[in-house]
Amino acid sequence: GSADRSIFKFLNDDRRGFLSFLSQEINDEIPVITADYLWDYFFTEFEQYNSEQFLSVLSTFYRYTKEIEKVDKNHNAIFKGILLLNLLYKMVSGGEIAHALVSPSMENIRSLFLGSHLGKSVDAALDFIDKREFIRKTPDNLFLVSSSTLPHREINDEKQKLISIYDDITKVLDFDSNSKINLN
């Protein structure tokens, strides 16, 4: 209900929405609606949701957007796209395939800006955002906003340790002697 109304509101908005976008004058570049445009449009609605999932993403936005904007406007636009994917990732149900389509993976982030003026800036922005720890890239290349109060580096270091411990099935079996006995 509410989401449907929001989408139709966006489509019919001639000040900031889709109709406004369509009325832009076309020059040498073909205009593309990018994720940061959608983030900016729906931002006030995101603020109205009172769930932990939204609060962690919004607090990340409030904490870092001005700092990123000072360094590079394009990086900030890509940062907003990552945050939008995080919100979608937390909201989408429907299994692994649905989650994969909206996961904040490097591939999906690149796809968000493919064909736009921001496309060439994505890799540099991702590197900047990761190195400055605004949003740390997970070992499986996701830029997930965490609601954890633990430092991202400690969490990722611990994940890497666990991944290396159990990267071989024989190590898993050595961990649980009952499993090893049951296989014999």
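Reader: Which residues touch the most other members of the largest nonpolar core?

Author: Happy to start there, keeping in mind that this is a predicted model. The largest nonpolar core holds 33 residues. Those that touch the most other members are Trp39, Phe79 and Ile109.

Reader: And which helix gives the largest share of this core?

Author: At least two residues of this core come from each of helix 3, helix 4, helix 5 (73–91), helix 7 (106–112) and helix 8 (122–131). The largest share is eight residues, and the helix that supplies them is helix 5.

Reader: Let's follow tryptophan 39. Which residues is it in contact with, leaving aside neighbours within four places in sequence?

Author: Phe46 is one of these contacts. Val57, Leu58 and Phe61 are also among them, and these three belong to the helix 4 side of the contact between helix 3 and helix 4.

Reader: How are helix 3 and helix 4 oriented to each other, then?

Author: Helix 3 covers residues 35–48 and helix 4 covers residues 52–71, and their axes lie 11 Å apart. They pack at an angle of about 125°, and their crossing is left-handed. An angle over 145 would count as roughly antiparallel and 65 to 115 as roughly perpendicular, so helix 3 and helix 4 are oblique.

Reader: What kinds of residues make that contact?

Author: Helix 3 brings Trp39, Phe43, Phe46 and Glu47, while helix 4 brings Phe54, Val57, Leu58, Phe61 and Tyr62. By class, they divide into eight nonpolar, no polar and one charged.

Reader: What is the orientation of helix 3 and helix 5?

Author: Here the axes are 8 Å apart and the packing angle is about 55°. The crossing is left-handed. An angle under 35 degrees would count as roughly parallel and 65 to 115 as roughly perpendicular, so this pair is oblique.

Reader: How many charged residues are in the contact of helix 3 with helix 5?

Author: From helix 3 come Ala35, Asp36, Leu38, Trp39, Asp40 and Phe46, and from helix 5 come Ala77, Lys80, Gly81, Leu83, Leu84 and Leu87. Eight of the residues are nonpolar and one is polar, and the number of charged ones is three.

Reader: Stepping back, how many helices and strands does the chain have?

Author: The chain has 184 residues, of which 35% are buried. Its secondary structure comes to zero strands and eleven helices.

Terms used
Residues are numbered from 1 along each chain as its sequence is written. This is a predicted model: local features need pLDDT of at least 70, side-chain atom pairs count only at pLDDT 80 or more; totals for chains, interfaces and linings use all residues. Side-chain values use heavy atoms; hydrogens and water are left out. Axes are lines fitted to C-alpha atoms, for helices over the stretch in contact, and angles run from 0 to 180 degrees between N-to-C directions. Helices (H or I, at least four residues) and strands (E, at least two) are DSSP runs, numbered from the N terminus. A crossing is left-handed if the near helix is turned anticlockwise from the far one by less than a right angle, and right-handed if clockwise. Contact means heavy atoms within 4.5 Å. Ala, Val, Leu, Ile, Met, Phe, Trp, Tyr, Cys and Pro count as nonpolar, Asp, Glu, Lys and Arg as charged, and the others, Gly among them, as polar. A nonpolar core is a set of buried Ala, Val, Leu, Ile, Met, Phe, Trp, Tyr and Cys residues joined through side-chain atoms within 4.5 Å. Buried means under 20% relative accessible area, exposed over 50%, partly exposed in between (1.4 Å probe, protein chains only).
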